[in-house]
Amino acid sequence: MLEAFSGSDVRAAEAPLIDAGQGDALMQKAAHGLFGVVLGLLREAGRGTYGATAVVLAGGGNNGADALYAGERLLRRGVGATAILLSDRVHTASLAAFTRAGGASVRLDDGVDPAALATHASSADILLDGILGTGATGGLRGGARAFVEAFNDVAGPRATRSTIVVACDLPSGIGVDTGLVDGPVLAADATVTFGAAKPGLLLGNGAVATGELNVVDIGLDFAVFTPAARRLLDADVAALLRLPTPLDHKYSRGVLGVAAGSARYPGAAALAVGAALATGIGMVRYLGPDAVASLIHQRNPEAVASSGSVAEARSQAWVVGPGAVDDDDQRRRAVDAMTSGLPVVVDAGALAGIPERVGPQVILTPHAGELRQVLAERGVDAERSDIEAEPAHFALRAAEITGATVLLKGFTTVVAAPSGILIAQTDATPWLSSAGSGDTLSGIIGALAASVAGDDHAASRLGLAEEDLWAAVAAAGALIHGRAGQRAARRGPIVVSDLRADIGAVIAELLEERRLAM
Ligand SMILES: NC(=O)C1=CN([C@@H]2O[C@H](COP(=O)(O)OP(=O)(O)OC[C@H]3O[C@@H](n4cnc5c(N)ncnc54)[C@H](O)[C@@H]3O)[C@@H](O)[C@H]2O)[C@@H](O)CC1
Ligand SMILES: [K+]
C-alpha cells in the first residue's frame, strides 16, 4: 500500500536527521533519486544524455536546491542544462554547484518577459520543476505564477506538449496536503517525491497533476506517524481476491444479491450483474421486475432470478440502486439490505433512501452531484463544484455523518471510511466516463464484498483495521474498474457492456502477479 504523510509529518520525520547534521546528505539523496528518474525518462523517450537539454526551475527554498543538484548531475552526464531562478533568493550552495558544472542561469525579475523564458523552457527535452515543495502555502504567487501561466500557454496541455515535465517532490501549484489546485499548476508527466508520498499527490486535481508517481527513499522513518491518505497497489488488490479451493461450492464462493434496475432503466441491472460475474463469484441472485430479469438472462443465463425478499435471498453481500428509480419494491429491498448488517453497495436510486445511521459495511458510491444530495439531506450545504474541488474533505464528511464507507467517483476516486481513513485511486481513463460505467463499478465492488465477507483475515493482510476492510474493498473495485477501462480503451472508445472481458483479464493479471510474488 502506498502511504502518504502530511507535509508537517514529513518535516517532523526529517527533523532528527537534520538535527544530526544530515540535512545536506538528505538533499543529495533526493537529488540523486530525481536524477535517476530523469535518466530513465530520457532513455524511455529514446534519447541519451549527450545532446539532450534540460531546464531547471528553481524557487527560493530547498525544493529548488534539490532540482539544482539534480541539474548538476545531468550537466556532468552531458545534458545541456540551464536554470531559471524564480525567486529573489535561491539556495546558494546548489546554485554554485550547478554553475561550477557549467550550467548557466537566468533570473526572472522585473526586466524579463516570462513568455520568453517559457518559450526557452518549452523547447527543452526535460523541465525540472523545483519551484515549490512542501513549503508551499496557497496557490502560486508572484514570478512563479507568471512563469507557470506563460509556460502552460506556450507549451499547451500535458497530453500534447513535447517537453517532459518532472516535478521535484510535488507539482508546483498543488496543495501539499489536499491536492487542491488554486490557480495555475505545472502539471507533471512524472513526480519524484522524497521520503514518502504526500496526500496532495493522491487526492483530487493534485493527483491528476502528479502524473507517474515515484517515491524515493531518503531514509526517513514514519513508524510513529499515521498516513493521511493511502493508495492500493496491485499487490494489495491481489491479496484481497479470494481464490476458489477444491472444497468450495457455489455458495461458499460468495453469493451476491442484486436489487437493481427498473422498468425505466433495465440495462443498469444487466451491467451490474455482468460485471459481478466477471469479477468471480459463486452466484448472483437477482431481485427485481420480471422484464429486467429476462434482459439479464439474455446476457447472463447463469444469474438466478428470485422473487423472495432480501432476507430470503441468502446472500453474502448486496448491490442496490443502479437503475432503480420510481420503484417502491426496489426501494424497500435497498433499505432491507442496508439494515441487514451485510456489506451493501449503494448506488444511484438507492442513495436517496439511506437510513439515518449505517455501518462501514454499507458502501455508498455517489458521484459529486449525488453526494451533494446526500449531504444536503443531512443539513450540509455544498455546491457540486465545492465537492469536485475538495473531494476528500466532503467524502470524509459524508462518512462521518452517515457511518457508511463513501466512495466518491471521479477521475481520481476517493474512498473515505467513518474511521477517518482515506484511500484514493487514480486508475481510471477519461474514456470510462460514460453511461453505465458506474453500474459496472457497483457490480465489481459487490462481487469483491461477497467473496471477502467471510474472510476474517482480509483486513489484516492489508495492514488495516477490521472496520476499514470495506474501504479497501471499494478502492480495490475502483482499481479493477479503472484498469479494465484502460485495457478496453486500447481498442478504441469504450462500450461499457464490453468491459466484462477486460475485468476478467485484469483479475487474471493481478492473480498472476500474486503467484509470481509468492
Ligand atoms: N528539509 C530537508 O532536509 C529536505 C527537504 N527537501 C526538499 O525541501 C523541500 C521543502 O523546502 P522548503 O521548506 O524550503 O520549502 P519550498 O522549497 O517548498 O519553498 C518555500 C519557499 O517558497 C515560497 N513560497 C511558499 N508558497 C509560495 C507560493 N504559493 N507561491 C510562491 N512562493 C511561495 C516561500 O516564500 C518560501 O521561500 C521539500 O519539498 C523537498 O524538495 C529534500 O531536499 C529532502 C530534505
Ligand atoms: K516542485
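**Briefing: strand pairing, ligand shell and annotated sites**

V56 stands opposite A83 in strand 3. The chain then crosses from strand 2 through helix 3 to strand 3 in a right-handed β-α-β crossover. This is a predicted model, in which local features need pLDDT of at least 70 and side-chain atom pairs count only at pLDDT 80 or more, while totals for chains, interfaces and linings use all residues. Residues are numbered from 1 along each chain as its sequence is written, chains are lettered from A and ligands numbered from 1 in the order in which they are written.

**Strands and crossovers**

- Helices (H or I, at least four residues) and strands (E, at least two) are DSSP runs, numbered from the N terminus.
- Strand 2 (residues 53-58) and strand 3 (residues 80-85) run parallel and are joined by 6 bridges; two strands pair if DSSP finds at least two bridges between them.
- Strand 3 is also joined to strand 4 (residues 104-107) by 4 bridges, and these two strands run parallel.
- The bridge partner of L85 in strand 4 is R107.
- From strand 3 the chain passes through helix 4 (residues 92-100) to strand 4, and this β-α-β crossover is right-handed; the term means that, with the strands pointing away from the viewer, the path from the first strand over the helix to the second runs clockwise.

**Shell around ligand 1**

- There are 29 residues around ligand 1, of which G61, N62, N63, G133 and G135 come nearest; a residue is near a molecule if its C-beta atom, placed from the backbone, lies within 6 Å of it.
- Two or more shell residues come from each of helix 1 (7-19), helix 2 (23-44), helix 3 (62-76) and helix 6 (142-155).
- The shell comprises 11 nonpolar, 14 polar and 4 charged residues, where Ala, Val, Leu, Ile, Met, Phe, Trp, Tyr, Cys and Pro count as nonpolar, Asp, Glu, Lys and Arg as charged, and the others, Gly among them, as polar.

**Annotated binding-site residues**

- An unreviewed UniProt entry places the feature "binding site" at N63, D129 and S172.
- These residues span 110 residues in sequence, yet no two of their C-alpha atoms are more than 10.1 Å apart, so they gather at one spot.
- UniProt positions follow the numbering used here, feature names are shortened, and annotations may be inferred rather than shown by experiment.
- N63 is found in helix 3 and is buried, with 27 other C-beta atoms within 10 Å; buried denotes 20 or more such atoms, exposed 12 or fewer, and partly exposed in between, with C-beta atoms placed from the backbone.
- S172 lies in the loop between strand 6 (164-168) and strand 7 (190-194), and S172 is buried, with 28 other C-beta atoms within 10 Å.
- Leaving aside residues within four places in sequence, the contacts of S172 include D129, I131 and L132, a contact being a pair of C-beta atoms, placed from the backbone, within 7 Å.

Terms used. Two residues are in contact if their C-beta atoms, placed from the backbone, lie within 7 Å.
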